[in-house]
Structure formats: structure tokens, C-alpha cells
Amino acid sequence: MKVSVDSDHCRGHGVCVALCPEVFALNDDGYAEVQSPEVPADHASAVLVAVSACPEHAITVS
Ligand code: SF4
């Protein structure tokens, strides 16, 4: 599974980082970035929770 954050929609709430800090991090501007686009299998469920929890619907998995 791959994950990406749409920087045009991210507003830096940090919900994703709180849910899965192994995959998401806030950059110096305060917006989310993925640390690696390929999600480790043991973090897949947390990433899917973050997809649902992001208030801006900025996280996409494929
Ligand atoms: S939860 Fe969504 S809006 Fe908030 S930092 Fe993460 S990607 Fe950005």
C-alpha cells in the first residue's frame, strides 16, 4: 500500500501524525509529509484510520 498527502489540502492539524508517527511527520512549515510512500504492513491499519480521521481528506492510499 502506498500513501500520499495532498499538500494543497493539508492544514497541519497533525491528526495523522498523532495516529501514525511512523509514517507521517510535520515538516518545517507545519504540514504533513509521508516519511516513506510505501507503508510498512504493520502500520497499514493505522494509516487507514488516519485517512478516515483527516479533517481535510488530504490523505490518499493506493
Ligand atoms: S490530518 Fe490531514 S490535514 Fe492534518 S496534518 Fe494530517 S494530512 Fe494534514
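**Ligand.** I started with the ligand in this predicted model. I counted 13 residues around the ligand, and Cys10, His13, Gly14, Cys16 and Cys54 come nearest. Sorting the shell by class gave me eight nonpolar, three polar and two charged residues. Then I checked where the ligand sits, and it is in the largest cavity.

**Core.** Next I looked up the largest nonpolar core, which has 14 residues. Val3, Val5, Cys16, Val23, Phe24, Val47 and Ile59 touch the most other members. At least two residues of this core come from β1 (3-5), and at least two from α2 (44-53). I remind myself that nonpolar side chains tend to be buried together in soluble globular proteins.

**Val5.** Leaving aside residues up to four places away in sequence, I find Val5 touching Cys10, Phe24, Ala32, Val34, Ala58 and Ile59.

**His43.** Buried or exposed, I wondered about His43? His43 counts as buried because its relative accessibility is 18%, and the cut-off for buried is under 20%. I located His43 in the loop between β3 (32-34) and α2. Its contacts, again without residues up to four places away in sequence, are Cys20, Glu22 and Val23.

**His57.** My last stop was His57, in the loop between α2 and β4 (59-61). His57 counts as exposed, since its relative accessibility is 65% and exposed means over 50%. I also noted its backbone: His57 has a positive phi of about 50°, although it is not a glycine. Most residues other than glycine have a negative phi, so I marked this one.

Key. Residues numbered from 1 in each chain as written. Predicted model: local features only at pLDDT ≥ 70, side-chain atom pairs only at ≥ 80, totals over all residues. Heavy atoms only, no water. Core = buried A, V, L, I, M, F, W, Y, C linked by side-chain atoms within 4.5 Å. Buried < 20%, exposed > 50% of the residue type's maximum accessible area, 1.4 Å probe, protein only. Helix = DSSP H or I, 4+ residues; strand = E, 2+ residues; numbered from the N terminus. Contact = heavy atoms within 4.5 Å. Near = heavy atom within 4 Å. 1 Å grid on protein atoms, 1.4 Å probe; cavity = no way out; pocket = protein on both sides within 12 Å on 5 of 7 lines; lining within 4 Å. Sits in = over half its atoms within 2 Å of the grid points. Nonpolar A, V, L, I, M, F, W, Y, C, P; charged D, E, K, R; others polar.
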